[in-house]
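Let's take a friendly walk through this protein together. Have the sequence and the structure open as you read.

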Amino acid sequence: MANQLGVIIDRSSPVPLYHQVVQGIEAAIHTGVLEPGSKLDNEIDLAAQLNLSRPTMRKAMDELVRSGLLVRKRGVGTQVVSSQVRRPLELSSLYDDLTNNGKKPTTTVLSFSHMEADAATLTALQLPAGSKVYHFTRLRKVGGKPLALMENWVRDDIATMDEAMLANEGMYAILRRGGVNFRLATQRIGAVIANEYQAGLLETEVNSALVTMERTATDDTGRRVETGHHVYRADSYSFEMTLVQR
């Protein structure tokens, strides 16, 4: 299995041996060599194939399980959970990113209202008192598997939207059609453990890891257009970024 996966151990490298195993198996998962549901050999056999100690192999497997790429099942062994959706950090929508990568997302609108904005939303979108916004929550799936639970607030003086539109296309596409040219966004990425509500909708375990993203987007006229809070299954989703020395 190890040779088939192309995992190569370089004992002269400063990278710890266990992490070289992690990197090799991650690469096999992300490139599709290891497909979702694939079963790995047991740790003793993998250690022997790579000429590593069992504790080193165990440490590598533990890290892959913690990262959500592998799962241990009693009576079955260690399996690949899924290939993650890897999203670049740029001003784009999840819907666009998925469709541009050949995936076919589906959206269920869980709630939708056109309401007077509360104080927090007025501040986030820099709106005057009494302004109304669209407030909605959506569940997005890929291949029938829940990926993201998304709550958004959008100012209502730019574009008209309703539940049917949000169920069939991305929010950013609707806003662009209304004349919005997105310019920048402030974004915060974090993590939480799933509560009962989130776990039920995302079909994961209570207290399992979720990736969080809070974003407020601004258009080219300086208007804050939308703000939102999203949570994603950590075993199916990650952000990807490039760091530049300044």
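In what order do the strands of the open sheet of six strands lie? The order is β5-β6-β7-β10-β9-β8, and the pairing is antiparallel. At the edges you will find β5 (105–116) and β8 (182–193), each of which pairs on one side only. On average, neighbouring strands of this sheet are turned by 15° against each other, direction ignored. Keep in mind as you look that this is a predicted model.

Now zoom in on one pair within the sheet. Strand β6 (residues 132–142) and strand β7 (residues 145–155) are antiparallel partners, joined over 10 bridges. Val142 has Lys145 of β7 standing opposite. As background, strands of a sheet pair through backbone hydrogen bonds, either parallel or antiparallel.

Another antiparallel pair is worth a visit. Strand β2 (residues 70–73) is joined to strand β3 (residues 77–80) by four bridges, and Arg72 has Thr78 in β3 as its bridge partner. Three residues lie between the strands of this hairpin, where Gly75 takes a positive phi near 80°.

Next, the helices. After α2 comes Gly32, which has a positive phi near 90°. Which residues of α2 are buried? They are Gln20, Val21, Val22, Gly24, Ile25, Ala28 and Ile29.

Two of these names come back in the largest nonpolar core, which has 20 residues: Val21 and Ile25 are among those with the most contacts inside it, along with Leu40, Met57 and Met61. Helices α2, α3 (43–50) and α4 (54–66) each supply at least two residues of this core, and α2 gives the most, with five residues. A second, separate core has 16 residues, including Phe136, Ala159, Leu166 and Ile174. In soluble globular proteins, nonpolar side chains tend to be buried together.

Leaving aside neighbours within four places in sequence, Ile25 is in contact with Val7, Leu34, Leu40, Met61 and Leu64.

Finally, step back to the whole protein. There are nine helices and 11 strands, and 43% of the 246 residues are buried. Of the contacts with a separation of 6 or more, 58% are between residues 24 or more positions apart. The accessible surface comes to about 13100 Å², and carbon and sulfur atoms account for 49% of that area.

Key: Residues numbered from 1 in each chain as written. Predicted model: local features only at pLDDT ≥ 70, side-chain atom pairs only at ≥ 80, totals over all residues. Heavy atoms only, no water. Pairing = 2+ DSSP bridges. Axes fitted to C-alpha atoms, helices over the stretch in contact; angles between N-to-C directions. Buried < 20%, exposed > 50% of the residue type's maximum accessible area, 1.4 Å probe, protein only. Contact = heavy atoms within 4.5 Å. Areas by Shrake-Rupley, 256 points an atom, 1.4 Å probe, with all protein chains shown as cover. Core = buried A, V, L, I, M, F, W, Y, C linked by side-chain atoms within 4.5 Å.
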